[in-house]
Amino acid sequence: MTAPDSVNFTRTKNTGSRLSWQGLHLSVPEKWNPLKLDGDDAKGSLLLADLHRSRLAVRWSVLPEKTDPEKWSSRVMTEEVGALAASEAVAHDPGSQWAASRLYVEPDPPGRDVWVGMHRATRRGVEVVYQAKRRDRVLVDSVLPGLYDTGRSGEGAAMWSVFDLNFTLPRWIPLVGKTLNAGDLSLSFADKQTAITVRQVAVAQLALKRFTLEQWLGRMQWVDRARFKPVGEANRVEFVTVNGRALAGWSRRMVQRRRYAWMRWAWRELTTLALHDVSRDRLIFVQGTDPQLPTRVAETVGDASNV
Amino acid sequence: MWIGRKKPRYTKAQALSARPVRVVEAALVTSDTGVRKISIPINTRGWAGFVFRMPQGATKTFELDDLGVLVWESCDGKTSVQQIIRKLSKQYNLNLREAEVPTLKFLETLVRRGLVGMSVPQAKQPEQD
């Protein structure tokens with residue numbers, strides 16, 4: 001399974017916001033926001049809605065090697081729109097990466113426009129359902145050209161983008177937890193080698209009225225105080241992100257308490273960064289088990305230009 | 001299923017086009033520490049006033065943050081819920097969804113506490129983008 005290290009999104013640059021979830025990348029109108037995000041990279045779904053109604057649903061699942069993409073595509077389309085409508089579906093490949101891709105456009109809206117296809121590299125079958133209230137070309141002109149699948153891109157970087165929290169992990173680490181509250185977004189990732197949590201709090205100017213940034217760092221680390229103890233004072237950190245924004249804040253290490261030393265499988269230390277992104281008016285917290293990883297990830301937070 | 005969720009009285013479109021209006025006379029006061037508060041007079045005449053021996057002129061105070069102030073000041077009977085959400089989203093650079101959730105929650109609190117009433121248009125079509 002291979003995927004390019006860098007994906008060019010220039011075609012869809014002005015179509016709105018980006019959603020990158022479980023290796024699936026979508027460009028959607030800015031007013032559409034995720035309402036429901038389920039599953040993992042092997043099988044899952046997401047639902048996007050605007051203020052008034054649901055707009056777009058995406059489902060994906062990795063197809064076994066023996067599955068014929070054409071048969072799968074035909075079956076999924078029939079299940080979604082019925083046999084009669086499925087026979088009217090036409091081949092539509094928004095890029096050259098999709099096999100057995102079919103598009104059905106509802107001739108008499110309101111109804112559903114459906115696109116199905118299997119990514120050649122990742123073998124993920126993707127189904128996109130657009131709730132068309134009137135006849136428009138949002139699915140064909142905006143959504144499908146921006147659809148890209150990088151899946152578990154091996155050693156390559158993994159881009160995540162949901163609401164306005166976007167960052168790049170240096171490699172694929174499975175998502176193990178998510179908290180997507182209004183104004184407080186947090187994604188946690190872990191595998192056998194490392195664990196990392198990225199959290200973004202909005203609006204920073206209001207959050208800093210309640211607590212100082214150093215206090216926020218303390219609150220972030222408080223959750224793990226039972227098993228880890230802070231080492232020394234917090235250090236001042238400053239660096240520049242990949243797109244040139246200055247981030248300043250605090251960093252502090254925590255090490256495992258001695259009474260847990262027998263837990264050989266548990267993490268030995270945690271490094272937490274608490275940063276103020278002045279230009280975006282957000283607080284960013286990155287906590288990882290590898291001392292270098294939080295800084296590498298924090299440098300990419302808020303960079304929605306490239307994968 | 002006959003046991004289930006109660007059907008909401010209003011549709012989402014109606015809820016978004018509702019215009020919240022303040023139903024109590026309360027001035028927004030900024031304290032020395034910069035905290036903004038509204039004080040509402042408590043009715044001391046009823047049985048609760050008798051039982052709890054509330055003094056005349058007793059008030060209850062609500063502390064508002066900047067977002068709360070923006071929503072409170074927008075409850076003028078002219079601005080719709082949807083317009084408040086858009087205003088909040090624009091002013092604080094938030095997604096519509098990120099602005100929608102706290103706004104609706106805060107308005108619900110204000111309504112439950114009897115500070116704000118809602119004027120719901122009956123036959124209004126949803127405002128489309």
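Between chain A and chain B of this predicted model, the count is 1 salt bridge, a salt bridge being a side-chain nitrogen of Lys or Arg within 4 Å of a carboxyl oxygen of Asp or Glu. In this salt bridge the side chains of Asp66(B) and Lys209(A) meet at 2.9 Å, N to O. The interface brings 22 residues of chain A into contact with 21 residues of chain B, where contact means heavy atoms within 4.5 Å. The area buried between chain A and chain B is about 1,900 Å², and carbon and sulfur atoms give 54% of it; buried area is here the accessible area (1.4 Å probe) that two parts lose on being put together, summed over both. On the chain A side, Lys31(A), Leu51(A) and His52(A) lose the most area to chain B, together 36% of what that side buries.

Residues are numbered from 1 along each chain as its sequence is written, and chains are lettered from A and ligands numbered from 1 in the order in which they are written. Local features need pLDDT of at least 70 and side-chain atom pairs count only at pLDDT 80 or more, whereas totals for chains, interfaces and linings use all residues; side-chain values use heavy atoms, with hydrogens and water left out.

Chain A contains an open sheet of 7 strands in the order S3-S4-S5-S9-S8-S7-S6, with antiparallel pairing. Strand S3 (33-39) and strand S6 (90-91) of chain A stand at the edges with a single partner strand each, so one side of each is left without a neighbour in the sheet. Helices (H or I, at least four residues) and strands (E, at least two) are DSSP runs numbered from the N terminus, and two strands pair if DSSP finds at least two bridges between them. Within this sheet, strand S5 (residues 54-62) and strand S9 (residues 124-132) of chain A pair in the antiparallel sense over 7 bridges, and Trp60(A) stands opposite Val126(A) in S9(A).

Helix H1 (residues 69-81) of chain A lies across S5, strand S7 (98-104), strand S8 (111-119) and S9 of chain A, running at about 165° to S8(A); axes are lines fitted to C-alpha atoms, for helices over the stretch in contact, and angles run from 0 to 180 degrees between N-to-C directions. The structure holds 22 salt bridges over all chains, one of which is formed by Arg112(A) with Glu80(A), the closest N and O atoms being 2.7 Å apart. This pair links distant parts of the chain, with Arg112(A) in strand S8 and Glu80(A) in helix H1 of chain A, 32 residues apart.

Several backbone features of chain A may be noted. A cis peptide bond with omega of about 5° joins Pro109(A) and Pro110(A), and Pro110(A) lies in the loop between S7 and S8 of chain A. The peptide bond from Ala202(A) to Val203(A) is also cis, with omega near 0°, and Val203(A) is found in the loop between strand S15 (195-201) and helix H4 (204-210) of chain A. In strand S7 of chain A is found Ala100(A), whose phi near 50° is a positive value in a residue other than glycine.

In chain B, 3 strands form an open sheet in the order S2-S3-S4 with antiparallel pairing. Strand S2 (28-30) and strand S4 (59-64) of chain B are at the edges, each with a single partner strand, so one side of each is left without a neighbour in the sheet. Neighbouring strands of this sheet are turned by 35° against each other on average, direction ignored. Strand S3 (residues 36-41) of chain B is joined to S4(B) by 6 bridges in an antiparallel arrangement, and Ile40(B) stands opposite Lys60(B) in S4(B). H3(B) lies across S2, S3 and S4 of chain B and runs at about 115° to S4(B).

Helix H3 (residues 66-74) of chain B also packs with helix H5 (residues 96-112) of chain B at an angle of about 65°, with their axes 11 Å apart. In this contact Gly68(B), Val71(B) and Trp72(B) in H3(B) meet Thr103(B), Phe106(B), Leu107(B) and Leu110(B) in H5(B). The residues of the contact of H3(B) with H5(B) divide into 5 nonpolar, 2 polar and no charged, where Ala, Val, Leu, Ile, Met, Phe, Trp, Tyr, Cys and Pro count as nonpolar, Asp, Glu, Lys and Arg as charged, and the others, Gly among them, as polar. The axes of H3(B) and helix H4 (residues 81-91) of chain B come within 10 Å and cross at roughly 145°. Here Leu67(B), Leu70(B), Val71(B) and Ser74(B) in H3(B) meet Ile84(B), Lys87(B), Leu88(B) and Gln91(B) in H4(B), and the residues of this contact divide into 5 nonpolar, 2 polar and 1 charged.
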